[in-house]
Amino acid sequence: FFFFTCLLFKFNLHVIEIQVCAQMGLDALNTFLGTLARGADVHTMGYLKRSTNESVGPSASILRQSIPHLGIFMKESAVVSDESGSSGDEESVSSVDKTQACSKRSKFALTCNLIRALSSQKNPVVFFIDDLQWADPASLELVQQIAEDRDIHYRLCVICYRDDEALASQVPNMLKVVEGRGFSVQTIKLGPIERESANTLVSEALCLPPSLARNLSELVHSKTGGSALFVTNFLLTLSKDGLIRLNLSTRRLEYDLSKIRMTEIPPDVVKYLTIQMSKLYQNNAQVALKVAACFGTEFDLVTFKKAKVTGVALEQFLPTLSSSGFLSETSPGKFQWAHDQVRQAAYDLIPPQKRKMFHLLIGTRLLMYTPEEQLEECIFDIVPHMALGHEYLTSESQKCEVAELSLLAGKRAYRSLSYPSAVNYFNSGINMLPASCWERQYKLSLNLHDMAIKTAYCVGNFSQLCTLVSTVLSKGKTLEDKLDAHNSQVRYLNSTGQCEGAISQCLVVLEELGEKFPQDLTDEIEVEYMHVKGLLATRTSNDILQLPVMGDDRKLAAMEFLSLTQAACSNTRPQLGVLAIIRMVKMTLEWGLCDVSAFSFAAYGGFLVSPVNQDFEGSYQYGKIGLKVLDKFSCKGQNRLVARVYNMVFGTINVFREPYQASLDNLKDGYRDGCQSADLEYAYLCLQKHSVLQIHSGGSTLTKLEQELTSSAINAEKYGQTAALLSIVVWLSAVLEIKDDSSRENPYMTYLNCTEDALLQQQVSQKNLNFCHSLCNKQKFTCLLKGDLDGAIHYYNMSLKYPHSKWAQSTSTILGDFLDGIIAFTCAQKHQSDEAYWKNIGLKAIEHFQKLVESSEWNFSHKLYLLEAEHHALKGNDEAALQKYDLSITTARKHRHLQEEGFALERAGNYHLHKGRHGNALSKFSSAKECYERWGAHSVKNRMAAKCRELSY
């Protein structure tokens, strides 16, 4: 079977005036799915259902509020009711915030998954996106994401926009970005129709030969400027005015050219249509026309009737408008304007100074005639009109009532994942509050500000977040009333790299909650660690999972802020972070389980892999407990802490037990789930670790890694995730250096507006020593791959100034220790006065990797073999060195570490060259070149090629 489908996105200028139109694309997709379901046969529906369930099955509930018709294509088990979150009260929003909230970005990603399922070779899809110049930033992002998704095949995007509108520049800017990322963009400029085309149109409309229609068509073209809409409506007017009439004797249409020439019309089609409408419709009919224009591009009869336009029978009036060509009835009771300029013409019937009052009148009537039980369902129809006319509200009670409605609309938008719309609703509600709101409307004021803070964080508007937080902290009456504001502020500080500020804020809140931290952390850690270790020793995994649910609100708040403290301390004050972890575990064991307990056990497992413990098996088991607790507190397959737990388990713990490659998909899931729960800082940390693991494992080509890191950097910068952005940019710069891609601007300047040296000094001043150490590791990595031993030695010595914390271990520290061993043995093999110094460093690296191999042979054995080969080479044990080099090469190949295989081949080639075995060296260098070429490391490949040429002569 083969069928062709077209999906229409239509944007509307009027929507921007009263609300964000980010939902419009999803509304179009919903209409498309409904049409598709009605027209598809049994075999086609079967195919669509299978592909849709495979694509979005587990996450269907995230999209169903925005795309109800999705339920037609989903299995019954995936169709989840969201009625529990529809009450609109604060408790329901809090619940949704913890389990079901989804960021705009993740929602759009799921939308792309859905489109991917609907398009195939047998089912190509065309996206016709009209009037994109009026799209808000969120909608523009959705369109860009659809256009850039490389996994959506058999789709064509046709984008229409007007380049003479004030907002038009955003569209070519977006298309330039899309084209810059390797997608084909074909531009077709459409202007007014030519005179010959106008003659054809007039000829066919009047059923006249082209020669007889030419005089009229040239006159019409000159008066209308060649606008097709203008031409057709002008011809209709001429017919109604009797200037084009049927001659019964000749049986053809004739026209009075002299009178038509004398007809005065405005040069603008909108003004022309407005004049014609004012002639055609008078009194109540004109009022109805104005009301219809206020509803926007589309409206339905049920909503229209609530506006209570007297003296007009809408059942007859609306079809009359349709027959006049102004409207079209898309389905029974649903109408759409024939063109946005037709709607604008009707809207212009309302004098500009009366438009806001007109909207307020419509909104008030919609509110009056909407049953209370339907209020939330219809809230988006009501509030935008009242918001436009809010300046005409005179009493405080009226303003507070509309503010309550704005809160209800914002909460519904928040639950339905439309964060930009939610921001607008909450801000609108805040702006309506009277000056004395905190004294006379405390709960309403607090709820509006709390929700506005949450959504400001979700969309990355941190300046507004800080302003709102300051207000809540100064006006809030109790600590409990201020906790949400404190939480959002700490998350903002964490994600933007202001760790000390985040730590200070957490410690203040924790002290008020009864959790005071001592000055001497070392002794306290030892005491509390031994106590918790003893408590855990008496409990099995099942015992922990059977703990009661934590019910004390202050303890629940303390758990939340302890987890935020750990996040803020990971790079700058790791000891404090360790104590926060221990206290979370202790509080769980003493007070019961909560959702944060999942993170506490995962973080405890992360603590166990640190150099001070190196308990890899215990760490692995507590990581599993963390995952089980996470599952226990998941709701409908979702949990707000997935990104935090996955970042720790799959980004830190499991790399010491399971193959690197096994963590990659889970880290990507962590990123997606972190976006869904608005846990953006951990979402982007998962994404950063996903990329870094691929660099370590050779699990992706450098070209693909560059694309992934670039996309991650763009979005991390866009959403203000500075902490993750720093590491992403560091490794993006490494990829570009290894690729030898000089066409790209320095990513440090692009995303951070500084040089790498300036970034290093900045982080030193902030005492972010772990980051500084990682940056040195990156430089050692690239220097060795480029054959720059002196550079590698320089960055080794620099890294000693920034020792990595003994309280944490990561893939960066593993890489650093390995590189240090390679550098050390290379220097020792020079047999100079510092040989013993370097040899000792190399032996420490071997000792470290021997312990790591006991835990994960897959990830570390090839590194250990290479270090041992270099040690044997230093000792002059040729046979053992060759054996270890071969083991390192074959093991790296077996375990799919492509770049490690190339590096081992290169080191083996260097050893053969040193021994004078040029043929063997040439063979190794040639194989290394092939590995580096497959990886995409062009600078290293070219260096290997140069060595091969030297040995060939």
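Against which helices do the buried residues of α41 pack? They pack against α39 (756-765), α40 (769-785), α42 (811-828) and α43 (835-855), where contact means heavy atoms within 4.5 Å. The structure is a predicted model, in which local features need pLDDT of at least 70, side-chain atom pairs count only at pLDDT 80 or more, and totals for chains, interfaces and linings use all residues. Residues are numbered from 1 along each chain as its sequence is written, and side-chain values use heavy atoms, with hydrogens and water left out.

Helix α41 spans residues 789-799. Of its 11 residues, 8 are buried, so the helix is largely enclosed by the rest of the structure. Buried means under 20% relative accessible area (1.4 Å probe, protein chains only). The buried set comprises L789, G791, A792, I793, Y795, Y796, M798 and S799. Helices (H or I, at least four residues) and strands (E, at least two) are DSSP runs, numbered from the N terminus.

An open sheet is formed by 3 strands in the order β6-β8-β7, with antiparallel pairing. Strands pair if DSSP finds at least two bridges between them. The edge strands, β6 (298-300) and β7 (327-331), each pair on one side only. Neighbouring strands are turned by 30 degrees against each other on average, direction ignored; axes are lines fitted to C-alpha atoms, and angles run from 0 to 180 degrees between N-to-C directions.

Strand β7 is joined to β8 (residues 334-337) by 4 bridges. S328 stands opposite Q336 in β8. The two strands β7 and β8 form a hairpin with 2 residues between them. In the turn, G333 has a positive phi of about 80 degrees.

Terms used: Buried < 20%, exposed > 50% of the residue type's maximum accessible area, 1.4 Å probe, protein only.
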